[in-house]
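Hello,

The structure you asked about is below, followed by notes on what was found in it.

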Amino acid sequence: MRPAEFRAATAEETRTLGARLSALLGPGDLVVLSGPLGAGKTTLVQGLAEGLKVRGPITSPTFVIARVHPSLSGGPALVHVDAYRLGGFPEVDDLDLDASLEESVTVVEWGEGLVEGLSEDRLEVHIERGAEGEERLVRLSGVGPRWSAVSLA
């Protein structure tokens, strides 16, 4: 997969992008989200959740660390993790994310540098604030054989 770049002018466009990305995701997929505070990571996950048709609401799991959102349509569950407060891989390991990885779509905010060892395949999503208002720049890159032939164009 060649890296791809998208612009979203509003939070709603960020959610729409997440919903579009959900069509590429299935059981066993790991998505690693990075970007500064307020960049729109949870907003993108809201769109992913809408596209995956999972039970909501989708809010930042900062204080509970992880939430499981079961499918409402027979698809995979969404495991939504916020690694912001975790101190390193041992704390990530304590979450047992690998126990549900194969049957769920696992999305980890602030996971860069912490969760790559969970799977050789992952979709890395970096979100930055744009120059004006709610604009966001979203960069996607796939890692591993699973993503080698996927086109995001």
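The buried residues of H1 are covered by elements that include strand S1 (4-8), helix H2 (41-52) and S7, contact meaning heavy atoms within 4.5 Å. This is a predicted model, in which local features need pLDDT of at least 70 and side-chain atom pairs count only at pLDDT 80 or more, while totals for chains, interfaces and linings use all residues. Residues are numbered from 1 along each chain as its sequence is written, and side-chain values use heavy atoms, with hydrogens and water left out.

Helices (H or I, at least four residues) and strands (E, at least two) are DSSP runs, numbered from the N terminus. Thr 14, Leu 17, Gly 18, Leu 21 and Ser 22 are the buried residues in H1 (under 20% relative accessible area, 1.4 Å probe, protein chains only). They lie on the same side of H1, because they cover an arc of only 145° around the axis, taken from the directions from the helix axis to the C-beta atoms.

Next, the strands, which pair if DSSP finds at least two bridges between them. S2 (residues 30-34) and S6 (residues 122-129) run parallel and are joined by 4 bridges; Val 31 has Leu 123 in S6 as its bridge partner. S6 is also joined to S7 (residues 136-143), antiparallel, by 8 bridges, and His 126 stands opposite Arg 139 in S7. The hairpin of S6 and S7 has 6 residues between the strands, and Gly 133 in the turn has a positive phi of about 50°.

Regards

Methods: Buried < 20%, exposed > 50% of the residue type's maximum accessible area, 1.4 Å probe, protein only.
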